[in-house]
Amino acid sequence: MDDQFEQVNCIICGKDDTELFIQGPGPAQIVRCRNDGLLYLNPRPKSSRVREFHTHYVRDDNLDMFTLFRQEVLRREADAIKRVKAGGNLLDIGCATGTFFENFVGPAWHLYGVETSPLGVELARSRYGAQVFCGTIREANYPSGFFDVVTVLDTLFYFADPRAELVEIRRILKDDGLLGVEIPGLAYRLFFRDRSPVSWALNGKWSRMSTDSWHLYYFSPSTLKLLLESVGFQVIKMIPEQASLGRGGFLRTLNNLHFALARLLFRVTLGRFSIAGKELYLATKVK
């Protein structure tokens with residue numbers, strides 16, 4: 001195997017029992033675990049390469065990705081969290097430039113972040129006065145039971161070991177604390193955005209789901225719940241959300257129409273089926 005890549009086992013069942021899902025042009029491929037259905041990159045770039053990418057992914061020329069394109073979705077997700085928690089210590093892991101914090105400015109909230117990009121750390125600190133650690137959650141080594149809310153928004157699939165990160169989150173979360181995890185909707189990616197006529201229309205190719213990616217995991221509602229339960233969390237609510245609003249005009253209208261359809265379908269199926277672009281999961285610690 002190329003010495004820039006590594007082989008890993010499934011983070012849910014711990015086994016190496018997979019079937020090929022997408023073959024890459026190089027060593028990396030996307031596989032599906034035969035035991036629990038988790039899709040993940042394997043072999044994949046070594047953790048040191050992934051860390052290097054995330055040190056530089058926030059740049060002066062792509063700041064809109066973390067501000068204007070995300071503000072509306074993040075505001076709704078913040079509102080969902082505030083309906084459960086009225087205040088306290090909030091930690092956003094992978095906070096980028098800190099856009100999520102603008103929904104929690106005020107005396108009721110004490111803002112903390114973890115971010116590997118030095119530029120992201122600088123902007124989150126200067127814009128929102130948040131205490132942001134430059135590094136990973138396990139390197140930060142926060143006190144046990146310190147946080148009322150911990151969020152991992154559009155970030156969990158980048159972690160080399162999401163299970164270990166969730167174990168650490170459980171340690172630093174208060175017993176009555178709230179975990180918020182946002183992931184891309186897998187059905188949306190497979191059937192609408194990444195492998196469909198929509199992908200052909202927007203990208204000129206049937207599938208843009210590639211092994212040449214820093215996305216290490218592709219969670220479905222079932223595999224994310226299995227992972228959370230394996231480390232002592234229980235999902236109390238799943239909320240369908242909208243894909244990032246990066247484009248205007250017709251594509252923005254199409255995005256809005258898809259989101260309306262996704263919410264309707266989620267409602268009429270009593271939460272059993274989601275085609276939403278993003279999905280927010282709220283979870284609490286199992287006592």
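Student: Is Glu182 buried or exposed?

Tutor: Buried means under 20% relative accessible area, exposed over 50%, and partly exposed in between (1.4 Å probe, protein chains only). Glu182 has a relative accessible area of 0%, so Glu182 is buried. This is a predicted model, in which local features need pLDDT of at least 70 and side-chain atom pairs count only at pLDDT 80 or more, while totals for chains, interfaces and linings use all residues. Residues are numbered from 1 along each chain as its sequence is written, and side-chain values use heavy atoms, with hydrogens and water left out.

Student: Which residue meets Glu182 in a salt bridge?

Tutor: A salt bridge is a side-chain nitrogen of Lys or Arg within 4 Å of a carboxyl oxygen of Asp or Glu. For Glu182 the partner is Arg70, at 2.9 Å from N to O. Arg70 sits in the loop between α1 (47-55) and α2, and Glu182 in strand β10, so the pair links parts of the chain 112 residues apart; helices (H or I, at least four residues) and strands (E, at least two) are DSSP runs numbered from the N terminus. Arg70 is buried as well, since its relative accessibility is 9%.

Student: How many salt bridges does the structure hold?

Tutor: The count is 15. One of them joins Arg44 to Glu6, with the closest N and O atoms 3.2 Å apart.

Student: Where do Glu72 and Arg252, another salt-bridged pair, lie?

Tutor: The side chains of Glu72 and Arg252 meet at 3.2 Å, N to O. Glu72 is in helix α2 and Arg252 in helix α9, 180 residues apart. Through shared partners, salt bridges join Glu72, Arg76, Glu241 and Arg252 into one network. Glu72 is partly exposed because its relative accessibility is 29%; for Arg252 the value is 28%, so Arg252 is partly exposed too.

Student: Which residues of α2 are buried, and what covers them?

Tutor: The buried residues of α2 are Val73, Leu74, Arg76, Glu77, Ala78, Ala80 and Ile81. Their cover includes strands β9 (147-153), β10 (173-184), β12 (233-241) and β13 (278-285), together with helix α9 (249-268). Over the whole protein, buried residues are 53% of the 287 residues.

Student: What should I read from the length of α2?

Tutor: The expected span of a helix is 1.5 Å times one less than its number of residues. Helix α2 (residues 71-82) has 12 residues and reaches 16 Å from first to last C-alpha, close to the expected 16 Å.

Student: How do β2 and β3 pair?

Tutor: Two strands pair if DSSP finds at least two bridges between them. Strand β2 (residues 18-23) and strand β3 (residues 29-33) have five bridges in the antiparallel sense. Ile22 has Ile30 in β3 as its bridge partner. With five residues between them, β2 and β3 form a hairpin.

Student: How many helices and strands does the protein have, and what share of contacts is between residues 24 or more positions apart?

Tutor: There are nine helices and 13 strands. A contact means heavy atoms within 4.5 Å. Of the contacts with a separation of 6 or more, 68% are between residues 24 or more positions apart.
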